[in-house]
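Have the sequence and the 3D view ready.

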Amino acid sequence: MIRRPARGAIALAAVLVAGLTACGLGRNDTPGDGRRTITIGFQGMLSGDDRKLGLNALAGVRTAVEDVNADASVPFRLRLVQVDDAGSTGRAPGAARSLTGNSDVLAVIGPLRTDTTEVSEPFYSEAGLLSVTPSATGPALTDLGFTTFFRAIAPDSVQGRAVADYISTVLEATKVYSIDDRGEYGIGLSTALEAELNSDGVDVIHDGIDPTRDYTAQAARITTEAPDVVYYAGYYADFARLAAALRDKGFAGTLMAGDGSRDPRFVTRAGADVAEGTYFSCACADIGEIDGGGGDGGGDRPGAEEFVASYGRLNGGTPPGVFSAEAYDATNAVVRVLRTIGDSPDRAAVARAFADVDWKGVTRDVAFEDTGELRAPTVYLYKVEDGEIVGLGQISDLIDS
């Protein structure tokens with residue numbers, strides 16, 4: 001058994017394209033050094049509305065690939081084959097099939113979204129091909145019986161509980177207005193948040209709001225309820241419009257959102273005055289701050305400074321973005337396994353060995369339960385201060401301090 005099935009069944013873009021050849025080789029993949037080549041795949045959104053997150057993750061994978069190919073002590077080189085699913089459930093199955101159909105591919109980093117992961121994983125499981133997502137956080141993914149699927153980030157159930165406890169204990173809120181965008185990700189996060197808030201004795205008002213261009217009416221309704229905190233489970237463009245409408249209606253409480261909104265473009269679109277003081281929860285670690293002594297809770301994770309430097313060199317000086325470091329860790333965990341299973345690895349051997357991987361990554365320790373979830377998931381809190389999103393630390397540490 002690989003593992004028991006889970007119970008219940010665009011500057012950066014230019015740099016990436018320039019740095020990869022048509023066949024997906026890294027710049028260091030030059031023939032003649034005597035090392036064999038092992039092929040891994042990447043599936044994510046490299047086009048479409050959410051392409052920035054996909055490009056962040058691809059850049060993290062590519063950084064790991066280049067690090068391996070530059071290290072003569074590694075007995076193999078990596079070849080990277082990338083497929084673009086555009087963040088679309090219509091395109092994702094075809095993207096997955098293109099990787100499963102390539103017999104050279106021994107492991108895949110991705111998919112990246114919850115919905116695209118759900119429709120892709122049946123193909124990976126059927127092919128016995130390891131798939132490690134650095135960013136798909138829907139709680140149900142590890143309950144669907146996928147036998148070669150692992151998640152290198154905390155699910156929304158963990159994030160929702162963590163931020164709810166912060167709201168109730170640190171912010172001491174007594175009334176929260178919880179909103180989701182009626183998408184799979186938003187509903188999963190808001191459900192976990194609200195359940196924990198109720199358990200903590202907080203008065204919760206739930207609302208599902210379809211993304212729209214004008215949130216004036218919704219903002220008026222929310223402001224009338226006078227909550228201490230408004231928490232939005234959705235993506236940054238819509239949260240920016242909602243936040244602006246709320247402030248325009250005179251809402252003076254705390255604004256918070258999940259990882260889908262934790263993007264610098266929220267500040268740009270909402271406006272600095274509106275965005276100031278807004279909180280974000282995210283299972284992602286802002287490794288870019290570690291080398292500068294930032295307060296993201298990452299501390300002195302091994303290799304963090306080296307990762308930031310290598311990432312910048314390969315990506316035109318761009319710092320790691322959301323999910324870049326998680327993708328880097330997922331790739332290196334795969335490399336760890338590849339170094340232990342002999343000269344002629346196959347898909348079954350890679351997937352079987354990955355279930356027992358124990359890798360101290362730059363974001364967290366990468367080791368898994370039988371379900372494919374991390375043994376020690378972490379959730380972080382961020383806040384807009386002086387127009388910048390800064391890390392405050394691990395939520396568990398902030399609650400205990």
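## About the model

This is a predicted model, in which local features need pLDDT of at least 70, side-chain atom pairs count only at pLDDT 80 or more, and totals for chains, interfaces and linings use all residues. Residues are numbered from 1 along each chain as its sequence is written, and side-chain values use heavy atoms, leaving out hydrogens and water.

## Helix α7

Helices (H or I, at least four residues) and strands (E, at least two) are DSSP runs, numbered from the N terminus. In helix α7 (residues 216–225), the buried residues are Q218, A219 and I222; buried means under 20% relative accessible area, exposed over 50%, and partly exposed in between (1.4 Å probe, protein chains only). Seen down the axis of α7, these buried residues fall within an arc of 100°, so they line one face of the helix. The arc is taken from the directions from the helix axis to the C-beta atoms.

On the other side of α7, A217 and T224 are exposed. After α7 comes A226, with a positive phi near 50°.

## The sheet

Seven strands form an open, mixed sheet in the order β7-β6-β8-β9-β10-β13-β14; two strands pair if DSSP finds at least two bridges between them. β7 (203–208) and β14 (388–394) stand at the edges with a single partner strand each, so one side of each is left without a neighbour in the sheet.

β6 and β8 pair in the parallel sense over five bridges, and V176 stands opposite V229 in β8.

## Where they meet

The buried residues of α7 pack against β6 (175–180), β8 (229–233) and α8 (236–248), where contact means heavy atoms within 4.5 Å.
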